[in-house]
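Below are some notes on the structure, written as numbered points. They can be read next to the sequence and the model.

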2 protein chains.
Amino acid sequence: MGASKVDIYSNEINEIAAIAKVFSHPARVAILQYISTQEACICNDIVDEIGLAQATISQHLKVINDAGLLKGTFEGKSLCYCINVERFQELQELFNSFFNKTKLNCC
Amino acid sequence: MGASKVDIYSNEINEIAAIAKVFSHPARVAILQYISTQEACICNDIVDEIGLAQATISQHLKVINDAGLLKGTFEGKSLCYCINVERFQELQELFNSFFNKTKLNCC
DNA sequence: ATTTGTTATCGTAATATTGCAATAATACAA
DNA sequence: TTGTATTATTGCAATATTACGATAACAAAT
């Protein structure tokens, strides 16, 4: 046991849960916030900004990236991370649509 | 290690992560959706509807409840669950405010 | 008081997540 | 090519989550 039974839920439900999972760790929320507040989309100083090891940040970035939320471009030696705003917007809308639907039928 | 370093993040960031965690498991999303789609706020047949053991559902309900998202009233023998719409709305707004702020400063 | 129906809690096993050091991989500069 | 800077990956160890059976706790009815 211990594994989530993904197959017993609808695609919509699994999608909402998958989106929420990205934001369910403070490091990932902090990374997204930090990237967004930088003038240009700044890179490896995420590690300095947040107090976690480089390997850990890289791992969290992978989770964020797997959700389609990052665009990266190389600038000199370093990789310049940027939020994929279109996808970000899309997730927000999916989430809101779930919230709104749920509120509607409520007693 | 393996424990999240909650103390190195701001309250706002931890709050967003905590909200997201509630929705990060498909069972909890399914439970919320199911409760909302019932005419009256129906009770223990959540167990029948979703294919999980009663103990497991109860555990998920506790997580949802700890986030302030449930109102329960006794009706005869059984506990009648209902979504706390005000709190639900509040979480939606907190989430949206994070999304909107993040989108704003984006490159 | 006993039974019945309902929900919560406990104990435990399986799996997932988090975090880091070490190391690989990559890109640029000299 | 060699060195330097940056990011990804690998391989653990620690902790958290998920799931379930068993059992407790509670309310209502008999």
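## Notes on the helix packing and the two copies

1. A:E12, A:E15, A:I16, A:I19 and A:A20 in α1(A) meet A:L91, A:L94, A:F95, A:F98 and A:K101 in α5(A). By class, this contact of α1(A) with α5(A) holds seven nonpolar and three charged residues, and no polar ones. Please keep in mind that this is a predicted model.

2. The geometry of that pair is as follows. Helix α1 of chain A covers residues 11-22 and helix α5 of chain A covers residues 85-104. The two pack at an angle of about 120°, and their axes are 10 Å apart. Angles of 65 to 115 degrees count as roughly perpendicular and those over 145 as roughly antiparallel, and α1(A) and α5(A) are therefore oblique to each other. The crossing of α1(A) and α5(A) is left-handed.

3. One residue of this contact can be followed further. A:E15 is found in helix α1 of chain A. Is A:E15 buried, partly exposed or exposed? With a relative accessible area of 37%, A:E15 is partly exposed, because only values under 20% count as buried and only those over 50% as exposed. A:E15 and A:F95 are 80 residues apart in sequence, while their C-alpha atoms are 9.5 Å apart in space.

4. On the overall make-up of the chain: chain A has five helices and two strands. Along the sequence, the pattern in chain A reads α-α-α-α-β-β-α. Chain A has 107 residues, and buried residues make up 45% of them. Among the contacts in chain A with a separation of 6 or more, 48% are between residues 24 or more positions apart.

5. α2(A) packs with helix α4 of chain A, residues 54-66, at an angle of about 80°, the axes being 10 Å apart. The range of 65 to 115 degrees counts as roughly perpendicular, and α2(A) and α4(A) are therefore roughly perpendicular to each other. The contact is made by A:A27, A:R28, A:I31, A:L32 and A:I35 on the α2(A) side and by A:I57, A:H60, A:L61, A:V63 and A:I64 on the α4(A) side. Sorted by class, the contact of α2(A) with α4(A) has eight nonpolar residues, one polar and one charged.

6. A:A27 lies in helix α2 of chain A, which spans residues 26-37. A:A27 counts as buried because its relative accessibility is 0%. Which residues does A:A27 touch, leaving aside its neighbours within four places in sequence? The contacts of A:A27 are A:I50, A:L52, A:H60 and B:Y9.

7. Turning to how the two copies are related: chain A can be laid on chain B by a turn of 180° and a shift of 0.0 Å along the axis, with an RMSD of 0.0 Å. The two copies are thus related as by a two-fold rotation axis. Which residue of chain A comes closest to the rotation axis? That residue is A:A20, with its C-alpha at 2.5 Å. As for the interface, 100% of the interface residues of chain A are also interface residues in chain B, so the copies meet through the same surface.

8. Helix α1 (residues 11-22) of chain B packs with helix α5 (residues 85-104) of chain B at an angle of about 120°, with their axes 10 Å apart. That makes α1(B) oblique to α5(B). The crossing of α1(B) and α5(B) is left-handed. B:E12, B:E15, B:I16, B:I19 and B:A20 of α1(B) make the contact with B:L91, B:L94, B:F95, B:F98 and B:K101 of α5(B). The contact of α1(B) with α5(B) divides into seven nonpolar, no polar and three charged residues.

9. B:S36 has its place in helix α2 (residues 26-37) of chain B. B:S36 is buried, because its relative accessible area is 2%. B:S36 and B:C82 are 46 residues apart along the chain, and their C-alpha atoms are separated by 7.6 Å.

Key:
Residues numbered from 1 in each chain as written. Chains lettered and ligands numbered in written order. Predicted model: local features only at pLDDT ≥ 70, side-chain atom pairs only at ≥ 80, totals over all residues. Heavy atoms only, no water. Axes fitted to C-alpha atoms, helices over the stretch in contact; angles between N-to-C directions. Helix = DSSP H or I, 4+ residues; strand = E, 2+ residues; numbered from the N terminus. Parallel < 35°, antiparallel > 145°, perpendicular 65-115°, else oblique. Left-handed = near helix turned anticlockwise from the far one by under 90°. Contact = heavy atoms within 4.5 Å. Nonpolar A, V, L, I, M, F, W, Y, C, P; charged D, E, K, R; others polar. Least-squares fit on C-alpha atoms with pLDDT ≥ 70 in both. Buried < 20%, exposed > 50% of the residue type's maximum accessible area, 1.4 Å probe, protein only.
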